Amino acid sequence: MRLKIFQLTLILAVLVVSNLANNSYASPVETFAFTDEVTKIRFQALSKELRCPKCQNQNLADSNSTVASALRLDLYNLLVEGKSDKEIVDLMVARYGEFVLYRPRVSSITYVLWFGPALLILLGVIVVIVILRKKPLAKAELSLTAEQQQKLNQLLVANDTDIAADDSSSSNTSSTTSLSTATSNNKE
Amino acid sequence: MNILIRLLPLVLVIALGVVLYRGLSLNPQELPSALIGKSMPAFSLTTLNDEKRLVTKNALVGDIVLINVWATWCPTCKYEHPYLLDIALNPQVKLYGLNYKDERSAALQWLKNYKDPYQFSIFDEDGLLGVKLGVFGAPETFVLDHHGIIRKRFAGAIDTRIWRKEFEPLIKQLIIEQQQGNS
């Protein structure tokens, strides 16, 4: 158990570290001059948040496609003009649609996307709880009622009488005898 | 009841399979343009032929206009070019070019080699007008009505079949709208 926890911690640590490494900025081909550090950080953050419309699995920072470089320049100009992050994102959405956002906004069409996983986990937990609760019930059902116990005893007694009868008759085959012995052993 | 519960996972897996199978045939490049029904964005850029001549949005408004986004680095634009020469002969529409993220000399040479179908080409070296239009590659063709409203965006090459299917009905409709607006 302890070993397992150790392993899990190790895996988590590796994941966190690799994620941190990913955050280092992949620089595009152009150079932009920023007057202050904040604008630079905002530029880097936004170019990671916005998806390249042409190469759909890359963000603006990663992509070398013509449209991505045009969008980076546009993003730079908008930042220099003093537009807020929200204004810039709204503008990009107005041109390219919701698609341009890597983190879709919460709206009626994205509810499934945002809340689906949590719902599924909840559903899973409920299923597990239901299954776990069922087990003791099944055990209780397995034990015999007094009436059933009585019937069982009767059957066993009747069986014993049969064995006795079998033993006395010499016409019995050996296989039947051994089977009967096994049954009586079971009873004990 | 018990049988229903036992079959539930199977039903769910089949449903998931159907959904995912449908996803295989969807084209992720086919994006709806967010700009349909909006006005052509404002710009002020030079034309390809004359670097001293500034054009603005006003130069495009008033007719049924096609704006064709093209570049010399785009092989599909070459395929499309003969069809554009045909469209240039069509009196119902005016065809303008948007030379997108290109070099002026290379683009001029292209027009010399293959003939120039455009009334003029807007020279968008930085691609900033393209960005305003939501362009994500070339070729793309936009249709503007006589008010300068974007009515259609088509990504990909135009040929005779595409023209008949995608453009002709819309242009007929726009002509009717224009006549009604003028009367």
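**View 1. Lining of the second largest pocket.** By class, this predicted model gives the second largest pocket a lining of five nonpolar, one polar and two charged residues. The lining residues are Arg51(A), Glu98(A), Phe99(A), Leu101(A), Pro104(A), Ile109(A), Thr110(A) and Leu113(A), and the volume is about 220 Å³. A pocket is an open set of points on a 1 Å grid where a 1.4 Å probe fits, with protein on both sides within 12 Å along at least five of seven lines, and lining residues have an atom within 4 Å of a point.

**View 2. Salt bridge between Glu49(A) and Arg103(A)**. Glu49(A) is partly exposed because its relative accessibility is 30%, whereas Arg103(A), at 55%, counts as exposed (buried is under 20% relative accessible area, exposed over 50%, partly exposed in between, with a 1.4 Å probe and protein chains only).

**View 3. Salt bridge between Glu140(B) and Arg153(B)**. These side chains meet at 2.8 Å, N to O, joining strand β6 (residues 140-144) to strand β7 (residues 150-155) of chain B. Both residues are buried.

Residues are numbered from 1 along each chain as its sequence is written, and chains are lettered from A in the order in which they are written. Local features need pLDDT of at least 70, side-chain atom pairs count only at pLDDT 80 or more, and totals for linings use all residues, while side-chain values use heavy atoms, without hydrogens or water.

Key. Points joined across faces, edges and corners; volume = space filled by probe spheres on them. Nonpolar A, V, L, I, M, F, W, Y, C, P; charged D, E, K, R; others polar. Salt bridge = Lys/Arg side-chain N within 4 Å of Asp/Glu carboxyl O. Helix = DSSP H or I, 4+ residues; strand = E, 2+ residues; numbered from the N terminus.
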